[in-house]
Amino acid sequence: NDQKDAGELGAGSSVTALYEIIPGTSDQADLRYQSAEASGSSDLFLLKIRYQQPQGSESRLLEFPVGAQPQEQTSDDFRFAAAVAELGMLLNQSEYSGSASYDQVLSLARSARGEDPFGYRGELISLVDLLKIIDQSMADGESPVVRWND
């Protein structure tokens with residue numbers, strides 16, 4: 001909808017957005033997928049993205065059906081972003097964090113470290129290791145001081 005302001009990016013920018021998709025029901029009459037039987041489709045949903053040329057005034061709509069077949073392998077970037085999102089939920093004590101844990105964050109981040117030319121991913125992994133130690137110390141009633149052994 002060109003009348004609504006939304007998450008806008010400038011030309012040449014990139015962003016990673018993670019969404020949890022929870023199937024639900026709706027009473028809207030214009031739904032594309034009422035049921036798999038009715039539509040004859042195995043798609044889970046239709047992704048709609050609008051974009052506007054840098055010098056343009058109206059947006060263009062792109063539509064991508066997303067199938068029900070899970071990806072066998074996601075990219076390192078996607079999995080690392082998921083680890084960062086899980087860490088954010090832990091740090092914010094989010095009510096949506098479910099069974100999130102520092103161990104899960106570490107496992108996912110380590111498996112998705114991939115190319116790390118500036119060491120940022122490795123640095124995040126080190127910080128999560130420290131957070132895990134602090135969290136365990138506080139749970140055990142100890143002072144949240146990290147002791148370094150040379």
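**Helix packing in a predicted model**

Q: At what angle do the axes of α2 and α3 cross?
A: In this predicted model, the axis of helix α2 (residues 76-91) crosses that of helix α3 (residues 102-111) at roughly 160 degrees, and the two axes come within 8 Å. That angle makes α2 roughly antiparallel to α3.

Q: And is that crossing left-handed or right-handed?
A: The crossing of α2 and α3 is left-handed.

Q: Which residues meet there?
A: From α2, the residues are Asp-76, Arg-79, Phe-80, Ala-82, Ala-83, Glu-86, Leu-87, Leu-90 and Leu-91. On the α3 side they meet Tyr-102, Gln-104, Val-105, Leu-108, Ala-109 and Ser-111.

Q: How do those residues divide into nonpolar, polar and charged?
A: The contact of α2 with α3 comprises ten nonpolar, two polar and three charged residues.

Q: Let us pick Ala-83. Where is it found, and is it buried or exposed?
A: Ala-83 is found in helix α2. Its relative accessibility is 0%, so Ala-83 counts as buried.

Q: What is Ala-83 in contact with, leaving aside its neighbours within four places in sequence?
A: With those neighbours set aside, Ala-83 is in contact with Val-105, Leu-108 and Ala-109.

Q: What separates the C-alpha atoms of Ala-83 and Ala-109?
A: A distance of 5.6 Å separates these two C-alpha atoms, while the residues are 26 apart along the chain.

Q: Moving to the loop between α2 and α3: what about Ser-97? Is Ser-97 buried or exposed?
A: Ser-97 is located in that loop. Ser-97 counts as buried because its relative accessibility is 19%, and the cut-off for buried is under 20%.

Q: What does the side chain of Ser-97 reach?
A: The Ser-97 side chain reaches the backbone oxygen of Ser-94, at 3.0 Å.

Q: Next pair, then. At what angle do α3 and α4 pack?
A: Helix α4 (residues 120-139) packs against α3 at an angle of about 165 degrees, and their axes are 10 Å apart. The two helices are therefore roughly antiparallel to each other.

Q: Which residues make that contact?
A: On α3, the contact is made by Tyr-102, Asp-103, Val-105, Leu-106, Ala-109 and Arg-110. The residues of α4 are Ile-125, Val-128, Asp-129, Leu-131, Lys-132 and Asp-135.

Q: How many of them are nonpolar, polar or charged?
A: The contact of α3 with α4 has seven nonpolar and five charged residues, with no polar ones.

Q: Is the crossing of α3 and α4 left-handed or right-handed?
A: α3 passes α4 in a left-handed crossing.

Q: Stepping back, how many helices and strands does the protein chain have, and what pattern does it follow?
A: The protein chain has four helices and two strands. Along the sequence, the pattern is α-β-β-α-α-α.

Q: How many residues are in the chain, and what percentage count as buried?
A: The protein chain has 150 residues, of which 17% count as buried.

Q: Among contacts between residues at least 6 apart in sequence, what percentage join residues at least 24 apart?
A: In the protein chain, 37% of those contacts join residues at least 24 apart.

Q: How many residues lie between Leu-9 and Tyr-51 along the chain, and what separates their C-alpha atoms?
A: Leu-9 and Tyr-51 are 42 residues apart along the chain, and their C-alpha atoms are separated by 9.5 Å.

Notes:
Residues numbered from 1 in each chain as written. Predicted model: local features only at pLDDT ≥ 70, side-chain atom pairs only at ≥ 80, totals over all residues. Heavy atoms only, no water. Axes fitted to C-alpha atoms, helices over the stretch in contact; angles between N-to-C directions. Parallel < 35°, antiparallel > 145°, perpendicular 65-115°, else oblique. Left-handed = near helix turned anticlockwise from the far one by under 90°. Contact = heavy atoms within 4.5 Å. Nonpolar A, V, L, I, M, F, W, Y, C, P; charged D, E, K, R; others polar. Buried < 20%, exposed > 50% of the residue type's maximum accessible area, 1.4 Å probe, protein only. Polar contact = N/O pair within 3.5 Å; in protein donor to acceptor, adjacent residues only side chain to side chain.
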